[in-house]
Amino acid sequence: MIVLKNPDEVRDWATKQKADGKTVGFVPTMGYLHDGHLSLVERAGKLADKVVVSIFVNPTQFGPNEDFDTYPRDEERDLALCRDNGVDVVFFPDREMMYPEGYSTYVTVNNLGEYLCGASRPNHFRGVTTIVTKLFNIVCPDVAVFGQKDAQQARIIEQMTADLQFGITIDIAPIQREKDGLAMSSRNVRLLPEHRTQAPALYNSLCETESVFNNGVRSSSRLKEIVVNWITAEAPDGCVDYIEIVDWDTLRPVETIEHSALLAIAVHFGTVRLIDNIRLDVEGER
């Protein structure tokens, strides 16, 4: 495994792989890797000949009162996990390398970021799409793998990739969960014990709602009411940021589910914000 910090070195490596007829798979991360990340690495390894993982806590996607400074970091552990899981290159740049003095260029995808996390985190997705564009230009992957836990992010990157004609396949991998159903996240380690006990209520509420949906209920208000009631009862310390049902293609809220939709939730437990989602697929669509 090679660890590179200079973008030019990564680009040169990728160019050599392409010259040798190899395909490159890419998994962008902010580090503090867990089994969810490693499932993306495994998936990338099945889709391409070589795998690159980037580790960079991107400052431009954090708001002024968010957890950039406290976001968990462990470089040595991350590198060991990458080495043990067959990663070929780890791109580990520093902030000055990615955003040098005088940096002033950003990438924005209109419309898809108006709701869900975009409504409560202004400029978050501008930071995401900017760093992913930069990483795509550095790594030059054939395929990039993202997790469905960050479903809005994945959909926005999918749109950006198509609009800017990157020629990169975007693969969206299933959510990986703890044994009690909590979606794997680097932020989970920061939950207080009592909050960690309540946090699985997010997924349980989604499962209960999916069951009602599968029995024929298509009213978004009725389905969202189930989520609210479940979280109120099972996660009393949780503060709901949003509970929304949106069309998968447009990410706009729908009153009645007529096409495949996304049920997405965000809940604060103290200073930790957790997100989760499920697809509500109308028969014959996906």
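## Helix α6, end to end

Helices (H or I, at least four residues) and strands (E, at least two) are DSSP runs, numbered from the N terminus.

Since 14 of the 16 residues of α6 are buried, the helix is largely enclosed by the rest of the structure. Here, buried means under 20% relative accessible area, exposed means over 50%, and partly exposed is in between, with a 1.4 Å probe and protein chains only.

## What you are looking at

This is a predicted model, so local features need pLDDT of at least 70 and side-chain atom pairs count only at pLDDT 80 or more, while totals for chains, interfaces and linings use all residues. Residues are numbered from 1 along each chain as its sequence is written, and side-chain values use heavy atoms, with hydrogens and water left out.

How many of the residues of strand β5 (residues 143–147) are buried? The count is 5 of the 5, so β5 is largely enclosed by the rest of the structure. Val 143, Val 145 and Gly 147 point one way from the strand, Ala 144 and Phe 146 point the other way, and all are buried.

Two strands pair if DSSP finds at least two bridges between them. Strand β2 (residues 24–29) pairs with β5 in the parallel sense over 2 bridges, and Phe 26 has Ala 144 as its bridge partner in β5. The pairing of β5 with strand β6 (residues 169–173) is also parallel, over 5 bridges; in β6, Ala 144 has Ile 170 as its bridge partner. To get from β5 to β6, the chain goes through helix α7 (residues 151–163), making a right-handed β-α-β crossover. Right-handed means that, with the strands pointing away from the viewer, the path from the first strand over the helix to the second runs clockwise.

## A closer look at Ser 54

Ser 54 is found in strand β3 (residues 50–55). Its relative accessibility is 1%, so Ser 54 counts as buried. Contact means heavy atoms within 4.5 Å. Leaving aside neighbours within four places in sequence, Ser 54 is in contact with Phe 26, Val 27, Pro 28, Thr 29, Phe 91 and Leu 135.

## Salt bridges

Side chains of opposite charge can pair when their charged atoms come close. A salt bridge puts a side-chain nitrogen of Lys or Arg within 4 Å of a carboxyl oxygen of Asp or Glu, and a search of the whole structure finds 18 of them. One joins Asp 78 and Arg 77 at 3.8 Å, N to O. Asp 78 counts as buried at 2% relative accessibility, whereas Arg 77 counts as partly exposed at 34%.

Another salt bridge links Lys 224 and Glu 244, with the closest N and O atoms 3.2 Å apart. Lys 224 lies in helix α10 (residues 220–234) and Glu 244 in strand β7 (residues 239–247), so the pair ties together parts that are 20 residues apart in sequence. Arg 273 and Asp 241 also form a salt bridge, their closest N and O atoms being 3.0 Å apart. Asp 67, Arg 187 and Arg 190 are linked in a network of salt bridges.
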